[in-house]
Amino acid sequence: AGVYLDSGESDQTDVEAYTVEETAGIMAEAAKHKQAPRIMPSLAIGFFAGLRPTEITGLDWSNVSIDQRTIRVTPATAKRRRQRFVTISENLAAWLAPYAKASGPVSPAPITFRRDRKEVLKAAKVERWLHDGLRHSYGTYHLAAYGDANRTAMEMGHRGNTDLVFQHYRKLVTKEE
């Protein structure tokens, strides 16, 4: 008696996503950055394929096929240690093509990425880096564009968990955005 156990239930918190304008600004400034070949692929894959930051950090160019329009996320880098293939959209293919290599790391070391990212955000006049903002932006806009929670869940590695997709990514953005 007198012992209170938290039920674990809490109010739903909104994930934050970048606006279309912020994304466009970040990508434009990254393309002009002195280290564009180093930072652009990571930003593009985060924004337009929705990979987790650790998945991008562990990604090798040998697992990126622009011709086949797929990114292979290996069990070694996937959160659940399960391989998956993520679709490369036309948009992502266009961003990646100038920087693609046969092999080697896609992303620089995390400290290097953070330094370059800070410079890009400042140039783009984006005030802060959103935690998982690239992935959350992808999930939000992918769901709005396709209206298919199963497809969004599969691309993001949620194995058809549509509840998670609806809980986190169903925002008030339009298909046109």
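A contact here means heavy atoms within 4.5 Å. Among contacts in the protein between residues at least 6 apart in sequence, 63% join residues at least 24 apart. This is a predicted model, in which local features need pLDDT of at least 70 and side-chain atom pairs count only at pLDDT 80 or more, while totals for chains, interfaces and linings use all residues. Residues are numbered from 1 along each chain as its sequence is written, and side-chain values use heavy atoms, with hydrogens and water left out.

**Overall make-up**

- The protein has eight helices and three strands, taken as DSSP runs numbered from the N terminus (helices: H or I, at least four residues; strands: E, at least two).
- Along the sequence the elements follow the pattern α-α-α-β-β-β-α-α-α-α-α.
- Of the 177 residues, 43% count as buried, where buried means under 20% relative accessible area, exposed over 50%, and partly exposed in between (1.4 Å probe, protein chains only).
- The protein exposes about 10,400 Å², of which carbon and sulfur atoms supply 51%; accessible areas come from the Shrake-Rupley method with a 1.4 Å probe, and for residues only the protein chains shown count as cover.

**Largest pocket**

- The largest pocket has a volume of about 470 Å³.
- Of its 21 lining residues, Phe47, Phe48, Tyr138, Tyr141 and His142 are the closest to the centre.
- Two or more lining residues come from each of α1 (20-32), α2 (36-49), α6 (133-146) and α7.
- The element that gives the most to this lining is α6, with six residues.
- On a 1 Å grid over the protein atoms alone, a pocket is an open set of points where a 1.4 Å probe fits, with protein on both sides within 12 Å along at least five of seven lines, and lining residues have an atom within 4 Å of a point.
- Grid points are joined across faces, edges and corners, and a volume is the space filled by probe spheres set on the points.

**Helix α7**

- Helix α7 covers residues 149-156, and its buried residues are Ala149, Thr152, Ala153, Glu155 and Met156.
- Viewed down the axis of α7, these buried residues fall within an arc of 165 degrees, so they line one face of the helix; the arc is that of the directions from the helix axis to the C-beta atoms.
- Aspartate 148 caps the N-terminal end of α7, with a side-chain oxygen 3.1 Å from the backbone nitrogen of asparagine 150.
- After α7 comes glycine 157, which has a positive phi near 85 degrees.

**Strand β3 and glutamate 155**

- Arginine 84 is found in strand β3 (residues 84-87) and is buried, with a relative accessible area of 9%.
- The side chain of arginine 84 reaches the backbone oxygen of glutamate 155 at 3.3 Å.
- Threonine 87 touches Arg69 and Glu155, not counting residues up to four places away in sequence.

**Loops and backbone angles**

- Most residues other than glycine have a negative phi.
- Arginine 69, in the loop between β1 (64-65) and β2 (70-73), has a positive phi near 60 degrees and is partly exposed at 26% relative accessible area.
- Aspartate 132, in the loop between α5 (110-124) and α6, has a positive phi of about 55 degrees and counts as partly exposed at 24% relative accessibility.
- Alanine 109 lies in the loop between α4 (90-96) and α5 and counts as partly exposed at 42% relative accessibility.
- Alanine 109 and glycine 58 are 51 residues apart along the chain, and their C-alpha atoms are separated by 9.8 Å.

**Helix α8**

- Leucine 164 lies in helix α8 (residues 162-169) and counts as partly exposed at 21% relative accessibility.
- Leucine 164 and alanine 153 are eleven residues apart in sequence and 8.1 Å apart in space, C-alpha to C-alpha.

Key. A polar contact is a pair of N or O atoms within 3.5 Å; within protein, one must be able to donate a hydrogen and the other to accept it, and residues adjacent in sequence count only if both atoms are side-chain atoms.
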